[in-house]
Amino acid sequence: MLLAKLNIYYFSQNYTPLYIFYLMRFILFLAFLLASGLCTAQTTYSISDPIDIPKEGWNKVLVAGNGNTLLFHFEYRKGIVVKVFDNTHKEISSKKHLCKILDINQLDHAVIRGIYDVNGEADLFIEQSYYNNNTLILLRVNPADGSLIEEKKLIQSESFANKTSYHVLKARKDNYYSV
């Protein structure tokens with residue numbers, strides 16, 4: 001009897017169309033949440049073994065075209081460490097590079113402009129002040145073993161007075177980049 005009185009009271013009120021719209025929207029949202037919770041699949045993740053890198057510095061990751069994953073670890077005044085992992089997440093190589101052109105003592109002032117897989121090689125573009133010039137430096141790394149193939153200055157500004165700003169873009173399907 002009490003339930004019948006509550007239903008009569010509830011449905012006897014005049015609701016505006018806007019209220020009904022929001023109520024229906026809320027009910028549809030709840031139905032969506034219920035359906036999405038029932039349809040989600042269990043995802044599995046594969047995690048590699050812990051790696052030995054310092055907590056200082058910063059890291060960048062590149063998945064190469066050959067299936068290997070390269071981890072670049074940059075640490076102030078200590079060079080660049082390149083760790084190579086195969087497609088089963090096992091570490092296959094680790095190399096430390098004390099660069100000749102890139103000043104590792106000023107690595108905290110460098111800007112990474114991009115890390116790309118170009119022609120089967122990992123190309124790392126770093127912008128750094130080099131002998132009073134703003135310089136874009138290219139490091140080419142072999143993705144099979146992490147060895148440094150080449151280090152060269154791509155572009156250098158005339159001086160700090162005429163500072164040049166650099167942007168590096170890679171075409172998605174082609175194997176070339178634009179500066």
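Student: Is Asn 68 buried or exposed?

Tutor: Asn 68 counts as buried, because its relative accessibility is 10% and the cut-off for buried is under 20%. Do keep in mind that this is a predicted model.

Student: Where does Asn 68 sit in the fold?

Tutor: Asn 68 is in a loop, the one between strand E1 (58–63) and strand E2 (69–75).

Student: And which residues does Asn 68 touch, leaving out those up to four places away in sequence?

Tutor: Asn 68 touches Leu 62, Val 63, Val 84, Phe 85, Asp 86, Asn 87, Ile 92, Pro 143 and Ala 144.

Student: Let's pick Phe 85 from that list. Where is Phe 85, and is Phe 85 buried or exposed?

Tutor: Phe 85 belongs to strand E3, which covers residues 79–85. Phe 85 is buried, with a relative accessible area of 10%.

Student: What is Phe 85 in contact with, setting aside neighbours within four places in sequence?

Tutor: Its partners are Ile 51, Asn 68, Thr 69, Leu 71, Lys 90, Glu 91 and Ile 92.

Student: Zooming out now. How many helices and strands does the protein have?

Tutor: There are two helices and ten strands. Reading from the N terminus, the order is α-α-β-β-β-β-β-β-β-β-β-β.

Student: What share of the residues is buried?

Tutor: Of the 179 residues, 29% count as buried. The protein exposes about 12,600 Å², and carbon and sulfur atoms supply 57% of that.

Student: On to the core. How many residues does the largest nonpolar core have, and which of them have the most contacts inside it?

Tutor: That core has 20 residues, and those with the most contacts inside it are Leu 70, Phe 72, Ile 80, Leu 102, Ile 126 and Leu 139. E2, E3, E6 and E7 each supply at least two residues of this core. Apart from it lies another core, of five residues, including Phe 125, Leu 138, Tyr 166 and Val 168.

Student: Why would nonpolar side chains be buried together?

Tutor: As a general matter, nonpolar side chains in soluble globular proteins tend to be buried together.

Student: Back to Leu 139. What is Leu 139 in contact with, beyond its neighbours within four places in sequence?

Tutor: Leu 139 is in contact with Ile 80, Cys 99, Leu 102, Ala 122, Asp 123, Leu 124, Ile 126, Leu 148, Glu 150 and Glu 151.

Student: How many cavities of 30 Å³ or more are there?

Tutor: The structure holds two.

Student: What lines the largest cavity?

Tutor: Its lining is Phe 72, Ile 80, Val 82, His 97, Cys 99, Leu 124, Leu 139, Val 141 and Leu 148. Those residues divide into eight nonpolar, one polar and no charged. E3 and strand E7 (133–141) each supply at least two of the lining residues.

Student: And what lines the second largest cavity?

Tutor: There you find Trp 58, Phe 74, Leu 107, Ala 110, Val 111, Ile 112 and Ile 126. That lining has seven nonpolar residues, no polar and no charged.

Student: Last topic, backbone angles. What is the phi of Arg 77?

Tutor: Arg 77 has a positive phi of about 65 degrees although it is not a glycine. Arg 77 is in the loop between E2 and E3, and Arg 77 is exposed, with a relative accessible area of 51%.

Student: And what is the phi of Asn 119?

Tutor: Phi of Asn 119 is near 55 degrees, again a positive value in a residue other than glycine. Asn 119 is found in the loop between strand E5 (111–118) and strand E6 (121–130), and at 54% relative accessibility Asn 119 counts as exposed.

Key:
Residues are numbered from 1 along each chain as its sequence is written. This is a predicted model: local features need pLDDT of at least 70, side-chain atom pairs count only at pLDDT 80 or more; totals for chains, interfaces and linings use all residues. Side-chain values use heavy atoms; hydrogens and water are left out. Helices (H or I, at least four residues) and strands (E, at least two) are DSSP runs, numbered from the N terminus. Buried means under 20% relative accessible area, exposed over 50%, partly exposed in between (1.4 Å probe, protein chains only). Contact means heavy atoms within 4.5 Å. Accessible areas come from the Shrake-Rupley method with a 1.4 Å probe; for residues, only the protein chains shown count as cover. On a 1 Å grid over the protein atoms alone, a cavity is a set of points where a 1.4 Å probe fits but cannot get out, and a pocket is an open set with protein on both sides within 12 Å along at least five of seven lines; lining residues have an atom within 4 Å of a point. Grid points are joined across faces, edges and corners, and a volume is the space filled by probe spheres set on the points. Ala, Val, Leu, Ile, Met, Phe, Trp, Tyr, Cys and Pro count as nonpolar, Asp, Glu, Lys and Arg as charged, and the others, Gly among them, as polar. A nonpolar core is a set of buried Ala, Val, Leu, Ile, Met, Phe, Trp, Tyr and Cys residues joined through side-chain atoms within 4.5 Å.
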